[in-house]
Amino acid sequence: MEVQLKPWGNSQGIRLPKAVLQEAGFEPDDHLIIRAEAGKIVLIRSFRHRTLEERAAEYGGKLNLDGELDWRGDPVGNEVW
């Protein structure tokens, strides 16, 4: 697939076809790292920690916690409670 560089303000830009983005696994609003390597331009999705809300949204907004752990319990050794 061939694309053409076009002026965009003081820079140059290209439009990436939807099929190419889907094949690469990129989605709208992804953060990307761009670098030049041996005459190529490489785009890599950058790692970003997701918020608790973003993680919960993957499960319909529910965290499905298994319950709380009881850390109190009775002393087992020489620990001081």
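How exposed is Arg 35, in terms of its relative accessible area? Arg 35 is partly exposed, with a relative accessible area of 41%, where buried means under 20%, exposed over 50% and partly exposed in between, using a 1.4 Å probe and protein chains only.

Let me say what we are looking at: this is a predicted model, in which local features need pLDDT of at least 70 and side-chain atom pairs count only at pLDDT 80 or more, while totals for chains, interfaces and linings use all residues. Residues are numbered from 1 along each chain as its sequence is written, and side-chain values use heavy atoms, with hydrogens and water left out.

Now the chain itself. The protein chain has 2 helices and 4 strands, in the order β-β-α-β-β-α from the N terminus; these are DSSP runs, with helices (H or I) of at least four residues and strands (E) of at least two, numbered from the N terminus. Of its 81 residues, 4% count as buried, and the C-alpha atoms fill a box of roughly 70 × 30 × 25 Å along the principal axes.

Next, the salt bridges, meaning a side-chain nitrogen of Lys or Arg within 4 Å of a carboxyl oxygen of Asp or Glu. The structure holds 4 of them. Arg 45 and Asp 30 meet in one, at 3.0 Å from N to O, and this pair links distant parts of the chain, with Arg 45 in strand β4 and Asp 30 in the loop between α1 and β3, 15 residues apart. Arg 35 pairs with Glu 37 at 2.5 Å between the closest N and O atoms, and Glu 37 is partly exposed at 36%.
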